[in-house]
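This report describes selected contacts and surface features of one protein chain. Please keep the sequence and the 3D view open while reading.

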Amino acid sequence: MTLYNTTHFYPHTFVLLGIPGLENFHIWIGFPFCAVYLIALLGNTIILFIIHAEPSLHQPMFYFLAMLASTDLSLSSATIPKMLGIFWFNFKEILFGACLTQMFMIHLCTGLESGVLTIMAIDRYIAICNPLRYTMILTKKVVTILGIIMIVRSLIFVIPFVFLILLLSFCDARFIPHTYCEHMGIARLSCTSIRANHLFGMVALSVGFVDLIVIGFSYMKILYTVFHLPSWNAQFKALNTCGSHVCVMLIFYIPAFFSFLTHRFGHNIPGYIHIFLANLYMVIPPALNPVIYGIRTKQIREQVLKIITHKDV
């Protein structure tokens, strides 16, 4: 069935094919995906609960951590349940409206994730390089404004994706070789020009590069400051923390940029490699972030132990 709107044809449903070339392994792939999803749900929920319940954690760093946890919960919940439906129950069909909604949520959350990671890098830069002015710079008002800016920025770049898709006609093309709906995956099914989709996609990608440049600059300044600390112990603790943060960022950004650029230039790359790596930045960061940014943070760890042992730490 096809929906007809003046000059644009929209299929009633799309069909998500999963990971092309690995169909025989879908059932087995689903198990680690499910395990990672449960870790993401539990870890991020615990972090949000602890930050909300513990007044001593009502500080800028933990507000940013709460933003990240909320984004991770939204991102993983928007993608992994449908993936598991494809892998385990062959539920491959998705309504046109549901596909657009999933696309909107995915791009909104990935934009927010990139923005929050950038803010957290700046937060660590101020805390380590300018600690005496930290509380003066990052007040509650500033934290709120930064959060609003990140949401508005993401919406500015995501809402046009929806309208660009609605301007296309699909001529009964329904099969998407992917595990979720994303902008270029849908646009490639169109029988009309998708030049505008390509151009706006490159603009959106440039925002991610700007975030990455800001993060890189922040951590270079942090490293410069750390190596001038008088204590080897202080240097080790700072490097250990920064190293963990950088690893999480690389796990998010590398597959994201790889997936984006492959849509445009990597036509010779096997589809299953592209799709599998594209899944990584949807699945892995929401599970790793609570561990890296939460459990390894002393204040969060102490509150978790307090809950487990039912006594003061």
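## Salt bridges

R124 is buried, because its relative accessible area is 19% and buried means under 20% relative accessible area, exposed over 50%, and partly exposed in between (1.4 Å probe, protein chains only). The model is a predicted one, in which local features need pLDDT of at least 70 and side-chain atom pairs count only at pLDDT 80 or more, while totals for chains, interfaces and linings use all residues. Residues are numbered from 1 along each chain as its sequence is written, and side-chain values use heavy atoms, with hydrogens and water left out.

R124 takes part in a salt bridge with D123, with 2.8 Å between the closest N and O atoms. A salt bridge here is a side-chain nitrogen of Lys or Arg within 4 Å of a carboxyl oxygen of Asp or Glu. D123 is also buried, because its relative accessibility is 2%.

How many salt bridges does a search of the whole structure find? The search finds three. They are listed below.

| Salt bridge | N to O distance |
|---|---|
| D123 and R124 | 2.8 Å |
| E93 and R174 | 2.9 Å |
| R153 and D211 | 2.9 Å |

The salt bridge of R153 with D211 has its closest N and O atoms 2.9 Å apart. R153 belongs to helix α5 and D211 to helix α7 (residues 195–226), so this pair ties together parts that are 58 residues apart in sequence. Helices (H or I, at least four residues) and strands (E, at least two) are DSSP runs, numbered from the N terminus. R153 counts as buried because its relative accessible area is 18%, and D211 counts as buried because its value is 4%.

The side chains of E93 and R174 meet at 2.9 Å, N to O. This pair links distant parts of the chain, with E93 in strand β4 and R174 in the loop between α5 and β5, 81 residues apart. R174 is partly exposed, because its relative accessibility is 25%.

## Aromatic pairs

A search of the whole structure finds twelve aromatic pairs. One of these is formed by F14 and F170, which are edge-to-face, with 5.6 Å centre to centre and 75° between the planes. Distant parts of the chain are linked by the pair: F14 is in strand β3 (residues 13–16), and F170 is in the loop between α5 (140–166) and β5 (175–176), 156 residues away. A pair of aromatic rings is described by the distance of the centres and the angle of the planes. Rings of Phe, Tyr and Trp (its six-membered ring) pair if their centres lie within 6.5 Å; planes under 30 degrees apart count as stacked, over 60 as edge-to-face and the rest as tilted.

Are F14 and F170 buried or exposed? Both are buried.

One aromatic cluster is formed by W28, F31, W88, F89 and F91.

## Surface patches

Patches are made of residues with over 30% relative accessible area and no salt bridge, where like charges are joined within 9 Å and nonpolar side chains (Val, Leu, Ile, Met, Phe, Trp, Tyr) within 5 Å. Accessible areas come from the Shrake-Rupley method with a 1.4 Å probe; for residues, only the protein chains shown count as cover. F25 lies in the loop between β3 and α1 (26–53). F25 is partly exposed, because its relative accessibility is 47%.

Which residues form a positive surface patch? K237, R296, K298 and R301 do. Lys and Arg count as positive and Asp and Glu as negative, while His and the chain ends are not counted. The place of a charge is taken as NZ of Lys, CZ of Arg, CG of Asp or CD of Glu. R301 sits in helix α10 (residues 298–309) and is partly exposed, because its relative accessibility is 36%.

## Other residues

I308 is also found in helix α10. I308 is exposed, because its relative accessible area is 58%. The C-alpha atoms of I308 and T118 are separated by 32 Å, and the two residues are 190 apart along the chain.

L95 lies in strand β4 (residues 93–95) and is partly exposed, because its relative accessible area is 47%. Between the C-alpha atoms of L95 and V15, 80 residues apart along the chain, the separation is 8.8 Å.

N90 is not a glycine, yet has a positive phi of about 60°. N90 lies in the loop between α2 (60–89) and β4, and N90 counts as exposed because its relative accessibility is 53%.
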